[in-house]
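Here's a quick briefing for anyone meeting this structure for the first time. Have a look at it below, and then we'll go through it topic by topic.

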Amino acid sequence: MNKLWKKFDRLTGECYSNMISSEPDKSVWDETFDVFVALVENEREVNPEFAQELYEIDDQTEYTHDVEGFIEDYIDELGMHEMYERLYEVCKKLLDMFRWKEDEPTDLRFELAEALKGQGRYEEAVAFCEKWHRDAAANQSEEAEQVSAAALVYAQLRVEEYTGAEEIIKKYVPEGAKCGEENEIIWRAAVRFYESKDEKKAKKMKKELEKYEAKVDRMLEKEFEEFGETLFGGDDWDDEWDDDWDDEWDMDDDELPFS
């Protein structure tokens with residue numbers, strides 16, 4: 001078992017080195033995921049209750065392998081490079097491997113829907129999202145309900161099911177609503193819908209979305225400033241940081257490490 005964990009650690013290192021390589025080999029990510037699956041299966045042969053929730057793997061291994069971090073990055077890589085068939089397989093495998101009672105697999109389900117659409121399996125995507133949305137509305141959190149609604153709208157637009165898409169949008173983005181953290185994802189889906197149906201309304205909703213994005217940016221900037229003041233002290237910490245950075249990199253052009 002320990003050999004498999006060592007192999008997983010070695011391969012994850014190769015994955016991240018591969019990300020900055022001029023000739024990336026994406027197969028190393030697939031191999032690492034397959035090792036991860038083998039690890040879980042082997043651990044469960046010894047202890048059937050091993051890591052019934054995904055987050056428990058890092059918890060039970062004292063956070064020495066950053067499994068969740070790898071999974072998130074792997075899924076991002078598959079989506080970014082439009083490897084939709086593999087993305088579907090990975091999401092399906094993860095959904096089947098764990099119970100998902102304590103953590104809702106909202107992101108995984110959204111990615112699975114994207115993978116179906118990426119393969120041109122639009123009707124399957126609609127059916128999957130319809131079932132997910134029914135379950136989310138009945139048994140899951142408000143966040144899962146909003147995300148599933150957005151996923152369903154995107155899927156319906158692919159098959160030109162505009163009536164159903166509009167019904168969902170009117171339910172979750174009623175007239176006079178404002179864009180906020182709780183409805184941002186369905187708001188973006190509504191913008192996509194109205195871009196092809198009502199240009200004036202799409203423009204209005206985009207403006208509201210931009211206002212919300214600017215508000216988030218201001219909040220993040222404020223948090224960053226407060227963090228810097230706490231860490232370094234004083235109001236001029238950012239100037240001191242810039243000075244330190246300038247001193248650190250005060251060298252001739254031919255000395256630069258990336259020249």
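Let's start with arginine 10, which is partly exposed at a relative accessible area of 45%; buried means under 20% relative accessible area, exposed over 50%, and partly exposed in between, with a 1.4 Å probe and protein chains only. This is a predicted model, where local features need pLDDT of at least 70 and side-chain atom pairs count only at pLDDT 80 or more, while totals for chains, interfaces and linings use all residues. Residues are numbered from 1 along each chain as its sequence is written, and side-chain values use heavy atoms, with hydrogens and water left out.

**Salt bridges**

- Side chains of opposite charge can pair when their charged atoms come close.
- The structure holds 17 salt bridges, each one a side-chain nitrogen of Lys or Arg within 4 Å of a carboxyl oxygen of Asp or Glu.
- Arginine 10 pairs up with glutamate 14 in one of them, at 2.9 Å from N to O.
- Both of those residues sit in helix α1 (residues 2-19), four residues apart, or about one turn of the helix; helices here are DSSP runs of H or I with at least four residues, numbered from the N terminus.
- Glutamate 14 is partly exposed too, with a relative accessible area of 35%.
- Lysine 206 has a salt bridge with glutamate 195, and their closest N and O atoms are 3.0 Å apart.
- That pair links distant parts of the chain, with lysine 206 in helix α11 (residues 199-232) and glutamate 195 in helix α10 (residues 184-195), eleven residues apart.
- Lysine 206 is partly exposed at 36% relative accessibility, and glutamate 195 is partly exposed at 42%.
- There's also a network of salt bridges, and it links Asp30, Asp34, Arg86 and Glu89.

**Arginine 99 and two glutamates**

- Arginine 99 makes a salt bridge with glutamate 49, with the closest N and O atoms 3.1 Å apart.
- This one also joins distant parts of the chain: arginine 99 is in the loop between α5 and α6, glutamate 49 is in the loop between α2 and α3, and they are 50 residues apart.
- Arginine 99 is partly exposed at 43% relative accessibility, and glutamate 49 is partly exposed at 45%.
- Glutamate 53 is found in the loop between α2 and α3 (55-60).
- What about its charge partner? Glutamate 53 is buried but has no salt bridge, and the nearest side chain of opposite charge, arginine 99, is 6.3 Å away; Lys and Arg count as positive and Asp and Glu as negative, with His and the chain ends not counted.
- A polar atom of the glutamate 53 side chain lies 2.8 Å from the backbone nitrogen of lysine 101.
- Leaving aside residues up to four places away in sequence, glutamate 53 touches Phe98, Arg99, Trp100, Lys101, Glu102 and Asp103, where contact means heavy atoms within 4.5 Å.

**Helix α5**

- Helix α5 (residues 84-97) has 14 residues and reaches 20 Å from its first C-alpha to its last, close to the 20 Å expected at 1.5 Å a residue; the expected span is 1.5 Å times one less than the number of residues.
- Its buried residues are Arg86, Leu87, Tyr88, Val90, Cys91, Leu94, Leu95 and Met97.
- The cover over the buried residues of α5 includes α2 (27-46), α4 (67-80) and α6 (106-118).

**Cysteines**

- The count of disulfides is zero, a disulfide being a pair of cysteine sulfur atoms within 2.5 Å.
- Cysteine 129 is buried at 0% relative accessibility, and cysteine 179 is buried at 9%.

How values were computed:
Helices (H or I, at least four residues) and strands (E, at least two) are DSSP runs, numbered from the N terminus. A polar contact is a pair of N or O atoms within 3.5 Å; within protein, one must be able to donate a hydrogen and the other to accept it, and residues adjacent in sequence count only if both atoms are side-chain atoms.
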